Structures are given as structure tokens and as C-alpha cells.
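Dear colleague,

Please find below the structure that I am handing over to you, followed by an account of what was found in it. I would be grateful if you could read the two side by side.

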Amino acid sequence: MTARYEVPAGKVPVPGARALVEFADKSLALFNVAGQLYAIDDGCPHQGASLCGGRLDGRVIQCCAHGLRFDLVSGYLLNSTALKVASYPVEVQDDRVFIVIASEESAP
Ligand code: FES
């Protein structure tokens, strides 16, 4: 089953900004990089620090706890596939923004 969660209009970040959004039991970090939105789990896959507060460089987010860097597009650790933060498709319809979350149970 796939769920689409609408991001409240006031929460949608402007270009260069980010927002922490909570859906069900998840905390997601939503980034706006030059008008493109990216959603990832807020918890760093290393030790769980918040990625929403990390240092953004282009489409790369650097965790402020130990400095690991992740690609916002793939979710992978930079130059590696050893660690991956969950990333979610973002759909924009008119002025509304949705984050698409597929529940794990539905995976084939
Ligand atoms: S918790 Fe993010 S790099 Fe260690």
C-alpha cells in the first residue's frame, strides 16, 4: 500500500530552505534545492542524528553528528552504497505537495 501525505502549505520550504514534517510515526526532512523538493528520513542511518539540521551543499546533505554525507536523490552515502537513508518521491500538483510513502509490507 502506498500512502500520499500532503505537506501543509505553510510547511513547504522555499528554495534553499528545509522543513521537518511529521507523518504517522515518521519524521521526514524536506529540502528545497533550487526549486526541486527532496524528502528523506530525518534520522541519519549512522546513529540517528537529525539530518534536517545538517549542512546542505547542492544536493548533498552532511550530517552534523559525524560528518557523513548523503545524496538527497538516491539516499546513498556519497561514493558508497554502504549506508542509505530512506528517500521518498515528492509529487507536486498545482500548489499542493505530497510525499509518497510505500509501506514496507507491500514490497514484493
Ligand atoms: S549520526 Fe549521522 S554521521 Fe553519525
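Which residue in β6 does leucine 56 stand opposite? The residue facing leucine 56 is isoleucine 61. Please bear in mind throughout that this is a predicted model.

Leucine 56 and isoleucine 61 face each other where β5 and strand β6 (residues 60–62) pair in the antiparallel sense, over three bridges. These strands belong to an open sheet of three, with the order β5-β6-β7 and antiparallel pairing. Its edge strands are β5 (55–57) and β7 (69–71), each of which pairs on one side only. On average, neighbouring strands of this sheet are turned by 25° against each other, direction ignored. In general, the strands of a sheet pair through backbone hydrogen bonds, in either a parallel or an antiparallel arrangement.

Strand β3 and its two partners

Strand β3 (residues 26–33) is mostly covered, with six of its eight residues buried. Strand β2 (residues 18–23) runs antiparallel to β3 and is joined to it by six bridges. Within this pairing, leucine 20 has alanine 29 of β3 as its bridge partner. The two strands form a hairpin with two residues between them, and alanine 24 in the turn has a positive phi of about 45°.

β3 is also joined by six bridges to strand β4 (residues 36–41), again in an antiparallel run. Here leucine 28 has aspartate 41 in β4 as its bridge partner. The hairpin of β3 and β4 likewise has two residues between the strands, and alanine 34 takes a positive phi near 50°.

Cysteines

A search of the whole structure finds zero disulfides. Such a link would be a covalent bond between the sulfur atoms of two cysteines. Why does cysteine 64 not form one with cysteine 63? The sulfur of cysteine 63 is the closest cysteine sulfur to that of cysteine 64, but because they are 5.5 Å apart, the distance is too far for a bond; the cut-off applied is 2.5 Å. Cysteine 64 is exposed, with a relative accessible area of 56%, whereas cysteine 44 is buried, at 6%.

Database annotation

UniProt, in an unreviewed entry, lists residues 4–99 as "domain: Rieske". In the model, the end C-alpha atoms of residues 4–99 lie 6 Å apart. This span is 0% helix and 45% strand.

With kind regards

Technical notes: Residues are numbered from 1 along each chain as its sequence is written. This is a predicted model: local features need pLDDT of at least 70, side-chain atom pairs count only at pLDDT 80 or more; totals for chains, interfaces and linings use all residues. Side-chain values use heavy atoms; hydrogens and water are left out. Two strands pair if DSSP finds at least two bridges between them. Helices (H or I, at least four residues) and strands (E, at least two) are DSSP runs, numbered from the N terminus. Axes are lines fitted to C-alpha atoms, for helices over the stretch in contact, and angles run from 0 to 180 degrees between N-to-C directions. Buried means under 20% relative accessible area, exposed over 50%, partly exposed in between (1.4 Å probe, protein chains only). UniProt positions are given in the numbering used here, feature names are shortened, and annotations may be inferred rather than shown by experiment.
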